[in-house]
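Dear colleague,

I am handing over the structure below, together with some notes on what was found in it. Please keep it open beside this message as you read.

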Amino acid sequence: MKAGGTDGVGKSEVTTYREALREALWEALTADERVFLMGEDVGRYGGCFGVSLGLLEQFGPDRVRDTPLSESAFVGAGIGAALAGMRPIVEIMTVNFSLLALDQILNNAATLRHMSGGQVGVPLVIRMTTGAGRQLAAQHSHSLEGWYAHIPGIRVLAPATLQDARLLLAPALADPDPVLIFEHGTLYNTKGDLDPAVHAVDLDHAAVPRDGTDLTVIAYGGCLSKALAAAEELAGDGVSAEVIDLRSLRPLDDATVIGSVSRTHRAVVVDEGWRSGSLSAEISARITEQAFFDLDAPVERVCSAEVPIPYARQLEEAALPQVSGIVAAARRVVG
């Protein structure tokens, strides 16, 4: 019996995003003795969000390691272990805390292959929670994955579905360079079925969970469900919206995005990051650079308000992208 409480992906059983991540960790730890998990409270406590619950009892303290409260120290230790031939999975509680390890991620993990002339790689996976919507206030709620997508030398992933949560870890561990996985905090309790026919996912290509003809809505992570809900509402008004799940934020899958916009002639980008200097700004620029003459309207962006994420529920909701805002942006581009 696996850690997630199912007998694996061969049987289509209702599971949660959290359990899908746990299954992926269990599989990785079972398949390769070089793999180990470390981070704050990942062992006896079972992880801040319960993802690693039960893994310490199955794999022991050498493979599931509780660390001191120092992101710089344990991310640095992960880099060293990767250089020595191990396959570490480092968990950082939230993206806000990852800034304490930014020197290690940017100046070491992302650059050592270049600085060594290709002699060494850093096959390290770093997982962290991102996003708001849980009333955890400004120090635990921001969406900074766009900052990391700015850095050459790393791959940045944002699994939005149970299927991706279950299957992205294996190819991430197989990557010879650092991979950062951003798990949106509102997704852990989401439930659904894993498709038993799907055994792998492609890290290099975005997914298209909904086809459409009138406009393209581009989203990722915690905003994907909002984009799909907006598309459903628009369909009731006779507007056909194609929805793209970016899945990989670095590298971006330009081909899927530009191909869709070239057919629909309109685009709305949904990004929980702040608008200024955001991932949505990069995507908008690429659409303008590569598909300008295919556009029938300016690219619209739906982003978080440029404020620290508030604690109060109503203010938090007002600060974040919502279905109503996506629908309004879509109606503007279709006229």
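Predicted model: local features only at pLDDT ≥ 70, side-chain atom pairs only at ≥ 80, totals over all residues.

I begin with the open sheet, in which seven strands follow one another in the order β3-β2-β4-β5-β7-β6-β12, with mixed pairing. The edges are taken by β3 (64-66) and β12 (248-250), each of which has a single partner strand, so one side of each is left without a neighbour in the sheet. If the direction of the strands is ignored, neighbours in this sheet are turned by 20° against each other on average.

Within that sheet, β5 deserves a careful look, since six of its six residues are buried. Both of its faces are covered, with V125, R127 and T129 buried on one side and I126, M128 and T130 buried on the other. Its pairing with β4 is parallel and runs over five bridges, and here V125 of β5 is the bridge partner of I89. Its pairing with β7 is also parallel, over six bridges, and in this case R127 has I181 of β7 as its bridge partner. Strand β7 (residues 179-184) is in turn joined by three bridges to β6 (residues 155-157), again in parallel, and R155 stands opposite V179 there.

Helix α3 lies across β2 (35-39), β4 (87-94) and β5 (125-130), and it runs at about 165° to β4.

As for the nonpolar cores, the largest has 44 residues, and those with the most contacts inside it are V75, I126, Y148, L246 and I287. The element that gives the most to this core is helix α3 (residues 71-83), with five residues. Apart from this core lies another, of 34 residues, among them L56, L162, V179 and V201. Returning to L246, and leaving aside residues up to four places away in sequence, one finds that L246 touches A206, I218, A219, Y220, L252, V257 and I283.

Just after α11, H265 takes a positive phi of about 70°.

With kind regards

Notes
Residues numbered from 1 in each chain as written. Heavy atoms only, no water. Core = buried A, V, L, I, M, F, W, Y, C linked by side-chain atoms within 4.5 Å. Buried < 20%, exposed > 50% of the residue type's maximum accessible area, 1.4 Å probe, protein only. Helix = DSSP H or I, 4+ residues; strand = E, 2+ residues; numbered from the N terminus. Contact = heavy atoms within 4.5 Å. Pairing = 2+ DSSP bridges. Axes fitted to C-alpha atoms, helices over the stretch in contact; angles between N-to-C directions.
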